[in-house]
Amino acid sequence: MKNSNRLCFACDLKDDPFLIAEYKKYHKAVWPEILKSIKDAGILNMEIYLCENRLFMIMEVSDNFKLEQKKHMDLENPKVQEWEKLMWDYQQALPKTNKNEKWIPMECIFKLDS
């Protein structure tokens, strides 16, 4: 897969072991409507990793995926809005993010080519 089809983002969770455990529990049973919205946007694969209270999300996307289109789709979807509101109970913005911004893009600074 070309590097341009992989997007990586970071977000923090509130540094509370109980909240982090609840957040992990939600992600063991993500709502079906959320999974559908992810796939409908052209996201082929998504993984979220946790280190202490820092989250890293890796998305592999189709050639026609557009992040702005995904944001618009999410704003139009009441179930996604419900999920996002719930997740804000657990998440917190990274320093220097814009208002209401959670997941911020990460810059690839190294890639091992085979």
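Colleague: Why is Glu33 called partly exposed?

Modeller: Please bear in mind that this is a predicted model. The relative accessibility of Glu33 is 37%. Buried requires under 20% and exposed requires over 50%, so Glu33 at 37% counts as partly exposed. Glu33 has its place in helix 2, residues 32–40. Its C-alpha lies 7.5 Å from that of Val80, although Glu33 and Val80 are 47 residues apart in sequence.

Colleague: What makes Asp74 buried?

Modeller: The relative accessible area of Asp74 is 17%. The limit for buried is under 20%, and therefore Asp74 is buried. Asp74 belongs to helix 3, residues 67–76. With neighbours within four places in sequence left aside, Asp74 is in contact with Ser37, Val80 and Gln81.

Colleague: How many helices and strands does the protein chain have, and in which pattern do they follow one another?

Modeller: The protein chain has four helices and five strands. Read along the sequence, the pattern is β-α-α-β-β-α-α-β-β.

Colleague: How many aromatic pairs are there?

Modeller: With ring centres required to lie within 6.5 Å, the count comes to four aromatic pairs.

Colleague: Why is the pair of Tyr23 and Tyr90 called tilted?

Modeller: The ring centres of Tyr23 and Tyr90 are 6.1 Å apart, and their planes stand at 55 degrees. Stacked would need planes under 30 degrees apart and edge-to-face over 60, so the pair at 55 degrees is tilted.

Colleague: What makes you say that this pair ties together parts that are apart in sequence?

Modeller: Tyr23 lies in helix 1 (residues 17–28), whereas Tyr90 lies in the loop between helix 4 (78–87) and strand 4 (91–92). The parts are 67 residues apart in sequence, so the pair ties them together across that separation. Both Tyr23 and Tyr90 are buried.

Colleague: Why is the pair of Tyr26 and Trp83 called edge-to-face?

Modeller: The angle between the planes of Tyr26 and Trp83 is 90 degrees, with 6.1 Å from centre to centre. Edge-to-face asks for over 60 degrees, so this pair is edge-to-face. Tyr26 in helix 1 and Trp83 in helix 4 are 57 residues apart, and their pair links distant parts of the chain.

Colleague: Which of the two words, buried or partly exposed, applies to Tyr26, and which to Trp83?

Modeller: Tyr26 has a relative accessible area of 28%, which falls between the limits of 20% and 50%, so Tyr26 is partly exposed. Trp83 has 5%, under the limit of 20%, so Trp83 is buried.

Colleague: Which residues form the aromatic cluster?

Modeller: Tyr23, Tyr26, Trp31, Trp83 and Tyr90 form one aromatic cluster.

Colleague: Why is Glu52 called exposed?

Modeller: Glu52 has a relative accessible area of 69%. Exposed means over 50%, so the word applies to Glu52. The loop between strand 2 (43–51) and strand 3 (54–61) contains Glu52. Phi of Glu52 is near 55 degrees, a positive value in a residue other than glycine.

Colleague: Why is Lys96 counted as exposed?

Modeller: The relative accessibility of Lys96 is 85%, and the cut-off is over 50%, so Lys96 counts as exposed. Lys96 lies in the loop between strand 4 and strand 5. Its phi is positive, about 70 degrees, although Lys96 is not a glycine.

Colleague: What makes Leu7 partly exposed?

Modeller: Leu7 has 24% relative accessibility. Since 24% is between 20% and 50%, Leu7 counts as partly exposed. Leu7 is in strand 1, residues 6–13. Not counting residues up to four places away in sequence, Leu7 touches Met57, Ile58, Met59, Val61 and Phe65.

Colleague: How do you know that the radius of gyration agrees with that of a compact globule?

Modeller: For 114 residues, a compact globule would have a radius of gyration near 13 Å; the protein chain has 14 Å, which agrees. Of these 114 residues, 32% count as buried.

Colleague: What is the average pLDDT of the protein chain?

Modeller: The average is 93, and 96% of the residues score at least 70. Among the elements, helix 1 has the highest mean pLDDT (98) and strand 5, residues 104–105, the lowest (92).

Notes. Residues are numbered from 1 along each chain as its sequence is written. This is a predicted model: local features need pLDDT of at least 70, side-chain atom pairs count only at pLDDT 80 or more; totals for chains, interfaces and linings use all residues. Side-chain values use heavy atoms; hydrogens and water are left out. Rings of Phe, Tyr and Trp (its six-membered ring) pair if their centres lie within 6.5 Å; planes under 30 degrees apart count as stacked, over 60 as edge-to-face and the rest as tilted. Helices (H or I, at least four residues) and strands (E, at least two) are DSSP runs, numbered from the N terminus. Buried means under 20% relative accessible area, exposed over 50%, partly exposed in between (1.4 Å probe, protein chains only). The radius of gyration is taken over C-alpha atoms; the globule rule is 2.2 Å times the number of residues to the power 0.38. pLDDT is the predictor's confidence in each residue, from 0 to 100. Contact means heavy atoms within 4.5 Å.
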